[in-house]
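Trainee: Could you walk me through this structure, one step at a time?
Mentor: Gladly. Have a look, then ask away.

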Amino acid sequence: MLLKRSLSKMRWKYGINPWQQVDWLLFCLPVAVSIFGGIMILSTELKQPVADWWWHWLVAGIGVLIALFLARSRYESLLQWHWVTYALTNFSLIAVMIAGTSAKGAQRWISIAGFNVQPSEFAKIGVIITLAALLHKRTASNLESVFRILAITAIPWGLVFKQPDLATSLVFGAIVLGMLYWANANPGWLILIISPVVAAILFSISWPLPEPIVFQELSFGPLGLLWAVAMGVLGWQTLPWRRFGIAAGGAWGLNMLGGELGVFAWKHVLQDYQKNRLSVFINPEHDPLGAGYHLIQSRIAIGAGEVWGWGLFKGPMTQLNFVPEQHTDFIFSAVGEEFGFLGCLLVLFVFCLICFRLLHVAQTAKDNFGSLLAIGVLSMIVFQLIVNVGMTVGLAPVAGIPLPWMSYGRSAMLTNFISLGIVESVANFRQRQKYYS
């Protein structure tokens, strides 16, 4: 028995069967999506002298190697380095503000050896590791822990928002909410956290919607007031400070303040391109040749695919380049046009399988740290999937969020595979089966 046990330890130590408990379905599905994504990128650039599809596959191949390496490395080592990870995350975000390169009105990239690296993408991993380490030690079952998590996240979130990168800052929010929920935070508290954002929208937009959309001075419309009252009731029901109406009044006042801040942000914080994206989401026909062009063309392309699609390399909207940025943020529209409704369903089904496997790893992890790492990655993938697909069909604003493993983007691709490797490490180092008696 001792001999068999020693042999088992030696097999692991010297690299024999080092990926024995890796979730291979979870690993292979993103690889398949990456291969398919390269084919779709090639379709969007078939008549252009560019090689983004080739770069897509090359970076994906590098990502696969990194993921395999991480899968056989113990994820627990990240626990003792989480503050270093947090510091490096913030340092990289500060560095891009000082020495970064600008494009399309934002300063998000650092040029390294001729390649543009986007630190805000890798910052997602840093935030997931940091929050998982903190929530591993202390759950979010009390407001003190929740406020602590929000305060720690506020620094990298603010640095990303300052670039400005509204899309990635929204991903940060999804990661935090998902991990807080998994760490036993009261769902009512999570609703109250995002309620000021909803209040800002309800108070700031003139209702009913005019032509064009008008963002006005705070008018305390009925929808905004009703929302604030509802949040006051929720605060009274869920917050611990019920005496003298502090909970209800605080929640109500927070939403009223959110309405004021929404008007201020619209006037003084958001960039013009961000305002246009929000406006055309509500009424894209207001500016069909300008800010609404992407959304309108994407919807036409997906609708033209009908049930079966035109076939690979045969979609007229895709081949004639009628959809701008189709190889990045709007890659799903190429799928809809060339493979139709059934092709879209198949892609979404694959992503659902990926998400279910991530959830399974979170449920079967041997400790809270590993479980939280998996949930953080799941929250990131789910949010990006919903927003990206939603914006291509007109159900979400154009936010510049790529479709994981399918959209062209080197930093995003590496981030997704690094995240996958960390989750596979959690799966690989679960409670092992005994192969000796």
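**Loop, helices and contacts**

Mentor: Start with Phe313, which sits in the loop between α13 and α14. Keep in mind that this model is predicted.

Trainee: Is Phe313 buried, partly exposed or exposed?
Mentor: Buried means under 20% relative accessible area, and exposed means over 50%. Phe313 has a relative accessible area of 31%. That value falls in between, so Phe313 is partly exposed.

Trainee: What is phi of Phe313?
Mentor: Phe313 is not a glycine. Even so, its phi is positive. The value is about 70°.

Trainee: Which loop holds Glu306, and is Glu306 buried or exposed?
Mentor: Glu306 is in the loop between α13 (293-304) and α14 (316-319). Its phi is positive too, near 50°, and Glu306 is a residue other than glycine. Exposed means over 50% relative accessible area. Glu306 has 61% relative accessibility, so it counts as exposed.

Trainee: Is the crossing of α2 and α15 left-handed or right-handed?
Mentor: Follow α2 as it passes α15. The crossing is left-handed.

Trainee: How do α2 and α17 run relative to each other?
Mentor: Helix α17 covers residues 410-428. It packs with α2 at an angle of about 170°, with the axes 10 Å apart. The crossing is left-handed. With over 145 degrees as the cut-off, α2 and α17 are therefore roughly antiparallel.

Trainee: How far is Val423 from Ala71 in space?
Mentor: Val423 is in helix α17. At 0% relative accessibility, Val423 counts as buried. Val423 and Ala71 are 352 residues apart in sequence. C-alpha to C-alpha, the distance is 7.6 Å.

Trainee: What separates the C-alpha atoms of Val64 and Gly421?
Mentor: Val64 lies in helix α3, residues 52-71. It has 18% relative accessibility, so it counts as buried. Along the chain, Val64 and Gly421 are 357 residues apart. Their C-alpha atoms are separated by 8.3 Å.

Trainee: Are α6 and α8 roughly parallel or roughly antiparallel?
Mentor: Helix α6 covers residues 119-137. Its axis comes within 10 Å of the α8 axis, and the two cross at roughly 20°. Angles under 35 degrees count as roughly parallel. So α6 and α8 are roughly parallel.

Trainee: Which hand has the crossing of α6 and α8?
Mentor: Take α6 as it passes α8. The crossing is right-handed.

Trainee: How many residues of α6 are buried?
Mentor: α6 has 19 residues. It reaches 27 Å from its first C-alpha to its last, close to the 27 Å expected. α6 is mostly covered. Its buried residues number 16 of 19.

Trainee: What is the C-alpha separation of Met179 and Leu372?
Mentor: Met179 is in helix α8, residues 166-182. It is buried, with a relative accessible area of 0%. Met179 and Leu372 are 193 residues apart along the chain. Their C-alpha atoms are separated by 6.3 Å.

Trainee: Last one. What is the C-alpha separation of Met256 and Leu225?
Mentor: Met256 is found in helix α11, residues 246-268. It is buried, with a relative accessible area of 13%. Met256 and Leu225 are 31 residues apart along the chain. Their C-alpha atoms are separated by 8.2 Å.

Technical notes. Residues are numbered from 1 along each chain as its sequence is written. This is a predicted model: local features need pLDDT of at least 70, side-chain atom pairs count only at pLDDT 80 or more; totals for chains, interfaces and linings use all residues. Side-chain values use heavy atoms; hydrogens and water are left out. A crossing is left-handed if the near helix is turned anticlockwise from the far one by less than a right angle, and right-handed if clockwise. Helices (H or I, at least four residues) and strands (E, at least two) are DSSP runs, numbered from the N terminus. Buried means under 20% relative accessible area, exposed over 50%, partly exposed in between (1.4 Å probe, protein chains only). Axes are lines fitted to C-alpha atoms, for helices over the stretch in contact, and angles run from 0 to 180 degrees between N-to-C directions. Angles under 35 degrees count as roughly parallel, over 145 as roughly antiparallel, 65 to 115 as roughly perpendicular and the rest as oblique. The expected span of a helix is 1.5 Å times one less than its number of residues.
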